[in-house]
Amino acid sequence: MTEIYSPSDVQKLLEIDASTLRKYATLLEGNGYLVHRNNRGHRIYFDKDVHTFRKLMEFSKQEGMTMEHSAEAVMKWVSEEKNTDIVTEIEPIQNTSGQVVEHNCNHEELMERIEHLEQINLDLIKLLKEKAVREACQEEKINQILRHVEYLNKLEVERIRSIEKEIATATQKKWWNWFTWKKS
């Protein structure tokens with residue numbers, strides 16, 4: 001039977017903190033790994049997940065391996081493991097409360113993975129659409145600001161030309177008119 005682990009159980013087993021476990025799970029999920037979730041959406045882990053995290057940690061410690069490259073290597077390792085261990089029978093799984101749950105390791109897991117990836121894709125599409133709307137609004141605001149700045153520049157140029165004309169007019173007065181001009 002396979003045991004179900006909570007995130008805190010996995011943290012203790014791997015001697016890592018919660019944020020590191022979330023980082024590992026998110027990184028692997030981004031590369032197509034299926035991390036199971038309970039009915040409330042919280043991650044739950046199995047023996048194979050703990051083993052996979054250990055492999056990720058092992059790969060990441062190798063020289064020149066980034067976390068992303070380590071995740072890719074783990075995914076390759078996982079797919080090779082699955083090809084050698086294809087299980088098509090229903091395997092009983094025991095969770096920590098002692099309940100037995102039937103689990104089809106091949107078909108159901110693949111369907112869950114597909115559904116999970118489809119949901120991730122839908123979420124990403126939604127985020128991209130929201131980002132496009134925000135960017136369009138920002139672009140419109142920038143264009144409004146630019147139009148306003150251009151309008152202010154135009155007004156300033158007109159004011160400067162007006163002042164230049166007044167100065168030119170004042171300097172063109174003849175010296176004999178200066179006395180009369182000064183008095184008025």
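Modeller: Contact here means heavy atoms within 4.5 Å, and in this predicted model Asp49, once its neighbours within four places in sequence are left aside, is in contact with Tyr33, Leu34 and Ile44.

Colleague: Where is Asp49 found, and how do you know whether Asp49 is buried or exposed?

Modeller: Asp49 is found in helix 3. Its relative accessible area is 0%, and because buried means under 20%, Asp49 counts as buried. In space, the C-alpha atoms of Asp49 and Tyr5 are 9.4 Å apart, although 44 residues separate the two in sequence.

Colleague: What makes Tyr45 and Phe53 an aromatic pair, and of what kind?

Modeller: The search of the whole structure finds 2 aromatic pairs. In the pair formed by Tyr45 and Phe53, the rings lie 5.5 Å centre to centre, with 70° between the planes. Rings pair if their centres lie within 6.5 Å, and planes over 60 degrees apart count as edge-to-face, so the Tyr45 and Phe53 pair is edge-to-face. Ring pairs also bring in Tyr24, which is linked with Tyr45 and Phe53 into a cluster.

Colleague: How do you know whether Tyr45 is buried or exposed, and what is the case for Phe53?

Modeller: Tyr45 has 2% relative accessibility and Phe53 has a relative accessible area of 1%; the cut-off for buried is under 20%, so Tyr45 is buried and Phe53 is buried.

Colleague: Which residues have the most contacts inside the largest nonpolar core?

Modeller: That core has 22 residues, and those with the most contacts inside it are Val10, Leu14, Leu28, Tyr45 and Phe53. Helix 1 (7-14), helix 2 (18-30), helix 3 (47-60) and helix 4 (67-84) each supply at least two residues of this core. Leaving aside neighbours within four places in sequence, Phe53 is in contact with Val10, Leu14, Leu21, Tyr24, Ala25, Leu28 and Tyr45. As background, nonpolar side chains in soluble globular proteins tend to be buried together.

Colleague: How do you know whether Leu21 is buried or exposed, and which residues does Leu21 touch?

Modeller: Leu21 is found in helix 2 and has 1% relative accessibility; since the cut-off for buried is under 20%, Leu21 counts as buried. Not counting residues up to four places away in sequence, Leu21 touches Pro7, Val10, Gln11, Ile16, Tyr45 and Phe53. Leu21 and Phe53 are 32 residues apart in sequence, with 8.5 Å between their C-alpha atoms.

Colleague: How do you know whether Glu15 is buried or exposed, and what is its phi?

Modeller: Glu15 has a relative accessible area of 73%, and because exposed means over 50%, Glu15 counts as exposed. Glu15 sits in the loop between helix 1 and helix 2, and has a positive phi of about 55° although it is not a glycine.

Colleague: How many helices and strands are there in the protein, and what pattern does it follow along the sequence?

Modeller: There are 6 helices and 3 strands, which follow the pattern β-α-α-α-α-β-β-α-α along the sequence. Of the 184 residues in the protein, 23% are buried. Among contacts with a separation of 6 or more, 54% come from residues 24 or more positions apart.

Technical notes. Residues are numbered from 1 along each chain as its sequence is written. This is a predicted model: local features need pLDDT of at least 70, side-chain atom pairs count only at pLDDT 80 or more; totals for chains, interfaces and linings use all residues. Side-chain values use heavy atoms; hydrogens and water are left out. Rings of Phe, Tyr and Trp (its six-membered ring) pair if their centres lie within 6.5 Å; planes under 30 degrees apart count as stacked, over 60 as edge-to-face and the rest as tilted. Buried means under 20% relative accessible area, exposed over 50%, partly exposed in between (1.4 Å probe, protein chains only). A nonpolar core is a set of buried Ala, Val, Leu, Ile, Met, Phe, Trp, Tyr and Cys residues joined through side-chain atoms within 4.5 Å. Helices (H or I, at least four residues) and strands (E, at least two) are DSSP runs, numbered from the N terminus.
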